[in-house]
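This report describes selected features of a protein model.

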Amino acid sequence: MAEPLRPFRLRGCAGPQKFGVAAGSLRGLLRKGCRLLQLPLAGSRLCLYEDGTELTESYFRALPPQTELVLLGPGESWRGCASDIERLLAAFCSQQGAVVEAARRLLTDERAPHRQKLLADLIHNLNENILAEDKEDDKKWFEGLESRFKNKSSYLRHSCESRMRGYMREVSGFIPNVHPAARDAYRGIIDLMADKLKSVKYNGCYFDRREEEEAARLCTAEGWFSCQGPFDRDDCPCKHSINPYSNRESRILFSTWNLDHIIEKKRAVVPELAEAVKTRDGREVNWEYFYQLLFTLDNLKLVHIACHKKTNHNLSCDKTRIYRKRKQTYEIS
């Protein structure tokens, strides 16, 4: 007695189109599928769409109606949903412009907030051009910037240098608050710090992916930056990350991220420096320690604006490092 026919959804591995096929046996379904998809019967086989499990006759009898199956021709393979994802990614790479345009058309009609966000994120990510470095390879990234910037690293290096120069201006601007008798010594320390900053190009290498070894503590070779907040060194709760090299939108958004001083610049470091100069009493102020706190990753971390805590960190300078011992000289008689 012939087995009763049961309906299945059948597709090939080369495309998403599905067909309704009814059969009472695995052999019968395979024969109908090969005729429908124009594949040779010899060497062809059927598997589950969801995980690629190849069907046997006994397994076939246990399947519920409308199970989605994939018909494989000789030499073809199927790894479940991962195969569809691979095909989708391949389409993104080969037809990126068409995918972006299709997503934009869908976005104008879409009303569901979750789908709107997915489409917007898709467009954003497909517009990335992370590996491009020079202006001629990613002109859109440089829109709105001065013409003197010829590559991405030069602009981000400049941005970092501007932040460091701003910190130096704040240190200099504190001079009126320094005790009059200590102002000349304070200015001398500012000069030493300025010379040090100039010698290292204002630490612009922190944001230069071409100088990977120096920048490694903040980013990877491809230029990814992760939020290091909040200030108490816990992990960023939202796992913020960004690649300012990817596209113009990411470059603009990155400008809102902050470099946060763990031991606070205004509340702790600069006032402590002024006090150290005032009360040095013949001791040598360890200006390089204060330099590290003000201008280096020893005390700076990159923080997403939402994770930047403006409240008092309640952290102070290391009292044992404020002064350093003078080198002793011995007179040889």
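## A helix and its charged patch

Arginine 31 is found in helix α1, which covers residues 26-37. The model is a predicted one. With a relative accessibility of 40%, arginine 31 counts as partly exposed, because buried means under 20% and exposed means over 50%. Together, Arg27, Arg31, Lys32 and Arg35 form a positive surface patch.

## Strand β1 and its partners

Strand β1 (residues 6-12) is mostly covered, as 5 of its 7 residues are buried. Strand β2 (residues 19-23) pairs with β1 in the antiparallel sense over 5 bridges, and the two strands form a hairpin with 6 residues between them. Within this pairing, phenylalanine 8 has valine 21 in β2 as its bridge partner.

Strand β1 also pairs with strand β4 (residues 68-72), here in the parallel sense over 4 bridges. Arginine 11 stands opposite valine 70 in β4.

## Two residues with positive phi

Tyrosine 202 is not a glycine, yet its phi is positive, at about 55 degrees. Its place is in the loop between α7 (183-199) and α8 (212-215). Tyrosine 202 has a relative accessible area of 13% and is therefore buried.

Aspartate 281, also a residue other than glycine, has a positive phi near 50 degrees. Aspartate 281 lies in the loop between α10 (265-278) and β8 (284-285). At 73% relative accessibility, aspartate 281 counts as exposed.

## Salt bridges

The count of salt bridges comes to 13. One of them joins aspartate 138 and lysine 152, whose closest N and O atoms are 3.0 Å apart. This pair links distant parts of the chain, 14 residues apart: aspartate 138 is in the loop between α5 (113-126) and α6 (152-172), while lysine 152 is in helix α6. Aspartate 138 is buried, with a relative accessible area of 10%, and lysine 152 counts as buried at 0% relative accessibility.

Another salt bridge is formed by the side chains of glutamate 143 and arginine 248 (4.0 Å, N to O). Glutamate 143 is in the loop between α5 and α6 and arginine 248 is in helix α9 (residues 248-254), so this pair ties together parts that are 105 residues apart in sequence. Glutamate 143 counts as partly exposed at 39% relative accessibility, and arginine 248 is partly exposed with a relative accessible area of 27%.

Definitions and conventions
Residues are numbered from 1 along each chain as its sequence is written. This is a predicted model: local features need pLDDT of at least 70, side-chain atom pairs count only at pLDDT 80 or more; totals for chains, interfaces and linings use all residues. Side-chain values use heavy atoms; hydrogens and water are left out. Patches are made of residues with over 30% relative accessible area and no salt bridge: like charges are joined within 9 Å, nonpolar side chains (Val, Leu, Ile, Met, Phe, Trp, Tyr) within 5 Å. Accessible areas come from the Shrake-Rupley method with a 1.4 Å probe; for residues, only the protein chains shown count as cover. Lys and Arg count as positive and Asp and Glu as negative; His and the chain ends are not counted. The place of a charge is taken as NZ of Lys, CZ of Arg, CG of Asp or CD of Glu. Buried means under 20% relative accessible area, exposed over 50%, partly exposed in between (1.4 Å probe, protein chains only). Two strands pair if DSSP finds at least two bridges between them.
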